[in-house]
Amino acid sequence: MTLLVAAFAGLLFGTGLTISGMVNPAVVLGFLDLTGNWNPALLFVMIGALAVAVPGYQLLKGRRPFLAETQSIPSRSDIDVPLLLGAAIFGVGWGLAGICPGPALTMLAIKPTSASLFIISMSAGMLGALWVGRSISGSAK
Amino acid sequence: MTESSVILPLAGGVMIGVAALILLAFNGRVMGVSGIWSGLIRWSDGPGWRLAFVLGSITAPLGLALLGRPGDVQIETTAPMLIVAGLLVGFGSALGAGCTSGHGICGMSRFSPRSIVATLVFMAVAIVTVFLVRHVG
């Protein structure tokens, strides 16, 4: 049942990304290009998503999920160097291609070659970061 | 105010928000795609819900194409640049523990200070990057 819910949520997420234009890097780059021919689409996507998710998250705060024991939600609130550095590095990559992880997966069926190339390098980058993280915490001991 | 410039982005955004709430209300999970994908490739606890979510999101444009609304994808980035961008997006989202969906939507919605800061940082850096690439480089 949790699998069915996750698949449905994925389907809804992918549908939202596709009809909103977020799956199209040209639209995303058009938003990030403030001094060019600015395309506000991403702003409306964020407004639509947050208009639902903000009240929903507040309403569900601390509630037991229907199909799980507890909510698995990050509990940290400290702003540390990995967070800032990671967000900055992510921002450079996002600005270079206009693709972030969600749209990368959703565009797989539309542009298989480019999407695969991006997803494989993204996966390598993720594993690299985890390896670096382990080495640093290992040498600190 | 055309359909594709306002209504569809708003409607798509609402769908993304509802998807995040469904995942939280039923499974108690955060809809952060970078975390979902890195958990999947590390095979941390078998395929499970992460694979189901990914398959759902990959299938979505196929369903829309059947309904006569295939997604438009224009990529002008060269292959080497796609690889560099992918490496940076993967490395950065793993180090910063989140991406546009996890920090930008779920984290912002629960007013997480980490997510608000991360979202402001990656938005600002991406805007500067696009400026440098398009108007300076």
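Biologist: How many aromatic pairs does the structure hold over all chains?

Modeller: This is a predicted model, and the structure holds 6 aromatic pairs over all chains. One of them is formed by A:Trp94 and B:Phe122.

Biologist: Why is the pair of A:Trp94 and B:Phe122 called edge-to-face?

Modeller: A pair of aromatic rings is described by the distance of the centres and the angle of the planes. Here the ring centres of A:Trp94 and B:Phe122 are 5.8 Å apart and the planes stand at 85°. Centres must lie within 6.5 Å, and planes over 60 degrees apart count as edge-to-face, so A:Trp94 and B:Phe122 are an edge-to-face pair.

Biologist: What makes A:Trp94 and B:Phe122 a pair that joins two chains?

Modeller: A:Trp94 belongs to helix 4 (residues 81-97) of chain A, while B:Phe122 belongs to helix 6 (residues 113-136) of chain B, so the pair joins two chains. A:Trp94 and B:Phe122 are both buried. Together with A:Phe90, A:Trp94 and B:Phe122 form one aromatic cluster.

Biologist: What is the area buried between chain A and chain B?

Modeller: About 9000 Å² is buried between chain A and chain B, with 79% of that given by carbon and sulfur atoms. Chain A brings 101 residues to the contact and chain B brings 94 residues. Between chain A and chain B there are also 18 residue pairs in polar contact. By class, the side of chain A that touches chain B has 68 nonpolar, 28 polar and 5 charged residues.

Biologist: How do you know that A:Asp33 forms a salt bridge with B:Arg134?

Modeller: The closest N and O atoms of A:Asp33 and B:Arg134 are 3.0 Å apart. The cut-off is within 4 Å, and the pair meets it.

Biologist: What makes the salt bridge of B:Arg114 and A:Asp80 one that joins two chains?

Modeller: The side chains of B:Arg114 and A:Asp80 meet at 3.3 Å, N to O. B:Arg114 is in helix 6 of chain B and A:Asp80 is in the loop between helix 3 and helix 4 of chain A, so the pair joins two chains.

Biologist: Why are B:Arg114 and A:Asp80 called buried?

Modeller: Buried means under 20% relative accessible area. B:Arg114 has 9%, so B:Arg114 is buried. A:Asp80 has 19%, so A:Asp80 is buried as well. Salt bridges that share partners join A:Arg76, A:Asp78, A:Asp80 and B:Arg114 into one network.

Biologist: Why is A:Asp78 called partly exposed?

Modeller: A:Asp78 has a relative accessible area of 36%. That class lies between the 20% limit for buried and the 50% limit for exposed, so A:Asp78 is partly exposed. A:Arg76, at 43%, is partly exposed too. A:Asp78 and A:Arg76 form a salt bridge, with the closest N and O atoms 3.0 Å apart.

Biologist: Why does A:Arg64 count as exposed?

Modeller: Exposed means over 50%. A:Arg64 is at 54% relative accessibility, so A:Arg64 counts as exposed. The salt-bridge partner of A:Arg64 is A:Glu69, at 3.2 Å between the closest N and O atoms. A:Glu69 is at 61%, so A:Glu69 counts as exposed.

Biologist: Is B:Leu21 buried or exposed?

Modeller: B:Leu21 has a relative accessible area of 15%, so B:Leu21 is buried. B:Leu21 is placed in helix 1 (residues 3-27) of chain B. Leaving aside neighbours within four places in sequence, the residues in contact with B:Leu21 include A:Val52, A:Gly56 and A:Leu60.

Key. Residues numbered from 1 in each chain as written. Chains lettered and ligands numbered in written order. Predicted model: local features only at pLDDT ≥ 70, side-chain atom pairs only at ≥ 80, totals over all residues. Heavy atoms only, no water. Phe/Tyr/Trp six-rings, centres within 6.5 Å; stacked < 30°, edge-to-face > 60°. Helix = DSSP H or I, 4+ residues; strand = E, 2+ residues; numbered from the N terminus. Buried < 20%, exposed > 50% of the residue type's maximum accessible area, 1.4 Å probe, protein only. Contact = heavy atoms within 4.5 Å. Buried area = accessible area lost by both parts, 1.4 Å probe. Polar contact = N/O pair within 3.5 Å; in protein donor to acceptor, adjacent residues only side chain to side chain. Nonpolar A, V, L, I, M, F, W, Y, C, P; charged D, E, K, R; others polar.
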